[in-house]
Amino acid sequence: WDVVREDGDESDLVDRLVADHGEAEALRMLALIQVKSTRVSISRAETMLSLKNRPGWKQRSCPTCGTVCDECLASAEEDLRNALGDLESGP
């Protein structure tokens, strides 16, 4: 956070990580970030594919950009979580 707040770039971040943690640990940290980021991207893509098949999805498109934006997707994800929560609680 400090690097970004001080207008640093990726080179500054790598330099800081290596100085604070050593090269091997810095590489492990960066690899972990990449793996987690990729998992989030895959999850988002899978969610988009399943949501696009829901009835009325076209009406959920963002009125500003005309596509499914992060805000619309977050709202749909919340709706799904709420629906699944209702199913899990049972009658």
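Is arginine 5 exposed or buried, and what is its relative accessibility? In this predicted model, arginine 5 counts as exposed, because its relative accessibility of 59% lies above the 50% cut-off. Arginine 5 forms a salt bridge with aspartate 2, with 3.9 Å between the closest N and O atoms. The two residues belong to helix H1, where a spacing of 3 residues puts about one helical turn between them.

Aspartate 2 is itself partly exposed, at a relative accessible area of 37%, and its side chain also meets that of arginine 16 in a salt bridge of 3.6 Å, N to O. This pair links distant parts of the chain, since aspartate 2 sits in helix H1 and arginine 16 in helix H2, 14 residues apart. Arginine 16 is partly exposed as well, with 36% relative accessibility.

Aspartate 20 counts as partly exposed, at 48% relative accessibility. Taken together, Asp2, Arg5, Arg16 and Asp20 are linked in a network of salt bridges. The whole structure holds 4 salt bridges.

Aspartate 7 is found in the loop between helix H1 (2–5) and helix H2 (10–21). Its phi is near 60°, a positive value in a residue other than glycine. Aspartate 7 is exposed, with a relative accessible area of 72%.

Notes
Residues numbered from 1 in each chain as written. Predicted model: local features only at pLDDT ≥ 70, side-chain atom pairs only at ≥ 80, totals over all residues. Heavy atoms only, no water. Helix = DSSP H or I, 4+ residues; strand = E, 2+ residues; numbered from the N terminus. Buried < 20%, exposed > 50% of the residue type's maximum accessible area, 1.4 Å probe, protein only.
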